[in-house]
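Here is a short report on one protein assembly.

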Amino acid sequence: MSSRYVIEVGNRHIKDVNEEIQAAAKAHHSLLVRNTLSRHNLGIGLPKGVDVAFEGSVGYYCGGLNTGAIVTVEDDAGWGTGEGMDAGHITIGGYAGMSAGAAMRGGTIHVRGDAGPRIGVAMKGGNIIVEGKIGSQAGFMAHAGKIIALGGAGASCADALWQGEVWVAGEIESLGVDAVVKEPTAEQVAEVDAILEPLGLVDSARNWRRIVSGQRLWYFESRDANAWLMI
Amino acid sequence: MCGIAGRILGKVGDVGTDLVELMDAQAHRGSDSTGFAIYGIPRESGFIVRAMGFERAKLGQDLDDFHYILKEHGADFLENPTWDNSGDKHYSVRMVISEPGDLARWTREADTICHRLEVQSVGKSLEIIKDDGDARTVAEKHGVRGMIGTHGLGHARLATESAVRPNASHPFWARPFADVAIVHNGQITDYYNWRQRLERQGYRFLTQNDSELIAVWVSDQMSKGMTLQEALDHSIKQIDGVFTYMIADTNGIGFAKDRFAIKPLATVQQDGAFCAATEEQALRRVYPGRAKIINYDGPAKTGIWGRGELAA
Amino acid sequence: MADDLNGTYHYPFPEAPEELVKFGDGAIEGRPAGVPSSYDEGGSLRWTPEAISEVHALAQLGRYQVRGYNTFNKRFPTFDDLTFVPATMTRLPLEGYRESCDTTTILGGGRGLVEKPLELKIPIYIASMSFGALSANAKEALGHGASKVGTMTCTGEGGMLEEERAASNKLVYQMSPARYGLDLDHLRRADALEIVVGQGAKPGTGGLLLGMKVSPRVSQMRTLPEGVDQRSTVRHPDWLGADDLAIKVEELRIATNYQVPIFLKMGATRPRYDVAIAAKVGVDVVVVDGAEGGTGASPELLLNHTGIPTISAIRAAREALDECGMSGKVSLVAAGGIRSGVDVAKCLALGADAVMIGNAAMIALGCNSPRYLDDYKKLGTSPGACHHCHTGMCPVGVATQTPELTARMDVAAGAERVARYLTAMTMEVTALAKACGKSNVHNLDMEDLRALSFEASAFTGVKMAGIDRAYGW
């Protein structure tokens with residue numbers, strides 16, 4: 001596309017960079033952010049309808065609170081990529097640091113490399129696809145949404161889930177507290193394949209483990225109010 | 001709560017400048033104080049001593065007393081001591097001394113005047129420089145950019161539970177072990193228990209900073225026969241809290257990360273040199289172009305980056 | 001691990017029937033067996049009736065007890081241990097009924113970083129209490145009541161309730177570790193953000209909302225299964241230390257376009273260090289919530305046995321800000337057990353820039369009011385002693401999600417009571433300020449106070465009554 005707007009980061013104040021990104025997003029469909037130098041807080045609260053590519057690696061919270069933008073990070077991303085995002089699509093070319101997709105509510109995060117610990121922590125919706133291995137405590141206390149790891153998973157996988165699901169095709173180091181492996185139904189596999197399909201990642205030979213909450217931690221003791229009348 | 005960094009060069013070079021850049025990039029993680037541990041060209045004999053005095057007006061008296069203790073242990077100044085000429089009440093002094101008969105015993109004696117003049121590092125190549133303020137301020141004041149050497153550590157401090165004082169900054173020397181220094185990011189939650197145990201063994205702590213504990217703890221394990229790698233592994237099981245720390249000696253830098261995967265560490269090994277920092281964006285100061293970054297985000301990790309093992 | 005103590009041990013005899021474990025043999029009808037009839041008769045100082053009943057309760061439940069309201073710990077030195085020393089001969093008082101006294105309170109403008117610091121007409125606002133802990137009617141009433149007198153409310157951790165947003169002229173949006181319902185739109189519609197790292201009632205642990213209150217609407221707003229016992233995370237998911245928080249604060253400023261102040265709320269534990277760190281990482285307002293602070297539900301051990309008193313927390317926090325040169329740049333809000341304008345005035349004199357009230361505002365709405373007496377009785381409590389926020393069976397509709405009960409919480413009447421209460425409190429503050437010869441409530445200071453107990457003096461540094469010296473160390 002000829003009208004790709006280019007933004008230089010370098011040592012500029014990150015506030016100015018974000019203001020320029022926001023302003024450019026109003027006038028252009030496609031932005032290229034260059035010389036990122038793994039800086040933090042790049043592309044916060046991006047709007048719908050814009051395509052933002054970050055050259056090289058980014059620091060913490062890139063694409064945080066995204067409301068619909070298509071974000072591409074060429075190499076690695078730091079902590080909390082796409083945290084709290086509502087909609088949109090974030091692709092990380094390399095490694096995604098700790099807590100990617102933390103508390104996200106919708107949209108998709110696609111990690112081509114491995115992911116650090118606590119990916120999808122407290123997520124409320126949306127999908128996270130990791131082509132490599134996911135780190136420890138993946139999906140810690142995830143409320144909803146899916147984390148799909150085509151590689152393996154680190155220790156304490158799917159720790160203390162609410163209603164989220166963690167799908168792992170490779171080796172799982174260990175399961176987290178109250179995490180239970182369930183045999184996926186054909187429909188559930190089809191659902192996951194539908195998520196992977198646009199990314200060209202469907203492989204029918206995968207041996208999926210679908211991990212959900214054992215619901216042991218859901219209830220302190222009882223839903224019955226009388227149980228709490230003691231004091 | 002802090003930012004930390006480590007740097008190893010393939011050969012002697014501008015390690016001071018690199019560390020200043022690494023810490024300047026992480027100044028937002030804490031600017032209460034900044035410090036550097038720099039391993040210069042090792043001396044054949046004698047030690048370099050870095051120390052901090054707290055009352056500039058009494059500098060002469062402090063040095064005389066220090067000198068007296070030194071001579072009692074069979075050593076002497078090899079060069080005239082030099083000090084910063086800032087107007088600050090506290091002062092930093094650099095000394096070159098011949099080797100005391102027993103380093104541990106001399107250190108204990110020298111520490112009897114630590115309330116006036118505190119020894120901050122002793123080594124054949126190690127020099128620890130630390131002071132109040134951010135990386136630029138400390139580097140400017142002490143000429144850190146001009147320091148050459150093989151490797152080193154850096155630290156930017158956001159004070160948690162101990163005072164903001166120039167001597168409570170990192171890095172900490174693993175007294176009384178020559179050429180060993182640590183930097184730490186995190187909090188040790190069983191600090192008081194460990195400190196008491198080590199004090200009963202005869203170790204002396206000069207600050208209330210929990211990080212000082214790590215330096216002594218690791219050195220103590222090694223003095224009892226553990227290798228550095230074993231001590232690092234052991235620390236993960238033995239020390240409670242959240243931490244990433246790096247410990248350096250003349251051979252290189254080791255690190256350990258707690259079992260909860262809380263504190264970050266990013267590294268790069270390229271062109272026969274090595275760099276580690278809390279944040280990747282700091283590494284970009286040294287490697288602005290393409291570089292393969294390895295993040296140690298996971299739980300319970302340890303490792304040693306040896307100076308000799310860096311492939312070009 | 002101690003996480004699961006129901007291991008593999010088998011008794012060499014049949015398990016006791018539940019009825020018998022629960023002291024079912026010969027128990028008094030209608031009285032839970034954990035509460036003996038000797039409850040109010042006294043006895044051993046060590047094994048008080050309360051201590052005995054606690055053992056009985058734990059022995060039956062096999063878990064710690066959970067309840068709402070605030071601490072039952074009676075040993076806190078309180079606001080009542082301090083007294084004002086108004087102007088007499090050395091100073092001249094202002095006319096209490098005629099001369100004016102400024103109560104305008106500005107929060108978050110000190111750094112000059114944000115476009116819209118908060119300007120409140122009074123130094124009091126409504127504390128963060130979630131929709132979920134409180135009914136929607138209660139939240140809405142608080143919003144209108146606060147708006148009427150020119151002050152604000154705070155969402156609490158349950159997300160932004162549209163009724164409250166509409167009712168509150170100024171609304172602080174709380175970003176809790178669990179991030180329930182957090183989205184960019186809500187951040188941008190807020191007048192301030194509050195990052196919560198702890199609360200006075202239960203520092204060191206996350207939010208708690210028992211299943212009885214996780215109604216369809218609450219479960220939808222929090223993306224939780226209905227009826228689940230919600231125990232929230234204590235740590236934020238994407239920053240794990242004050243050093244990372246500096247970066248998070250920058251993100252939030254960018255997200256809100258540097259428009260609104262950022263608060264940080266903490267339980268009072270080590271405020272001397274915690275407040276200094278919060279100020280250094282870049283927030284605009286620090287909220288310190290003392291151990292007397294209330295909650296919708298908490299393990300009782302945390303309510304009664306954690307944290308430090310509000311009066312000492314304020315002093316430590318103010319000294320911390322002074323020491324790191326942040327007084328004037330960072331505002332200090334105090335909370336925890338504030339009941340009246342007198343308490344507010346004492347907070348300001350000790351060094352707070354503003355206070356927030358939680359329990360007190362609920363009580364103004366009708367909490368513990370002597371109505372629906374049968375329902376109190378069913379809970380085993382009575383008006384004036386009710387602490388059943390946790391069961392969601394609040395007889396007056398304040399702390400419940402049950403439709404029949406929330407209907408008892410009249411929004412219009414509640415709003416008016418809150419407005420009048422805030423007005424009265426403000427009058428009390430100005431009355432004291434003017435008696436002390438001050439034309440601005442923020443000019444109250446430590447010299448206007450004297451301590452009535454050694455403890456209060458030792459904990460705050462306020463001079464002891466009569467001898468005019470602080471308790472020396």
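Among contacts in chain B between residues at least 6 apart in sequence, what percentage joins residues at least 24 apart? The value is 72%. Contact here means heavy atoms within 4.5 Å.

This is a predicted model: local features need pLDDT of at least 70, side-chain atom pairs count only at pLDDT 80 or more, and totals for chains, interfaces and linings use all residues. Residues are numbered from 1 along each chain as its sequence is written, chains are lettered from A and ligands numbered from 1 in the order in which they are written, and side-chain values use heavy atoms, with hydrogens and water left out.

**Chain B**

Chain B has 8 helices and 16 strands. Both are DSSP runs numbered from the N terminus: helices are H or I with at least four residues, strands are E with at least two. The C-alpha trace spans about 50 × 40 × 35 Å along its principal axes.

**Chain A**

Chain A has 2 helices and 11 strands. Its elements run β-α-β-β-β-β-β-β-β-β-β-α-β from the N terminus. The C-alpha atoms fill a box of roughly 60 × 50 × 25 Å along the principal axes. Of the contacts in chain A with a separation of 6 or more, 25% are between residues 24 or more positions apart.

**Surface and charge**

Buried means under 20% relative accessible area, exposed over 50%, and partly exposed in between (1.4 Å probe, protein chains only). Accessible areas come from the Shrake-Rupley method with a 1.4 Å probe; for residues, only the protein chains shown count as cover.

| Chain | Residues counted as buried | Accessible surface | Share from carbon and sulfur |
|---|---|---|---|
| Chain A | 65% of 231 residues | about 8000 Å² | 48% |
| Chain B | 63% of 312 residues | about 11500 Å² | 48% |

Chain B has 36 positive and 42 negative side chains, with the centres of the two sets 2 Å apart. In chain A, the mean positions of 19 positive and 26 negative charges are 4 Å apart. Lys and Arg count as positive, Asp and Glu as negative; His and the chain ends are not counted. Each charge is placed at NZ of Lys, CZ of Arg, CG of Asp or CD of Glu.

**Helix H1 of chain B**

Helix H1 covers residues 15-24 of chain B, and 8 of its 10 residues are buried, so the helix is largely enclosed by the rest of the structure. Among the buried residues are Val15(B), Leu19(B), Leu22(B) and Met23(B). The buried residues of H1(B) pack against several elements of chain B, including strand S1 (2-13), helix H4 (135-142) and helix H8 (280-286).

**Gly84 of chain A**

Gly84(A) sits in the loop between strand S4 (67-73) and strand S5 (87-92) of chain A. Gly84(A) counts as buried because its relative accessibility is 2%. Its C-alpha atom is 6.1 Å from that of Gly64(A), 20 residues away along the chain. Leaving aside neighbours within four places in sequence, Gly84(A) contacts Leu65(A), Ala102(A), Ala103(A), Met104(A) and Leu182(C).
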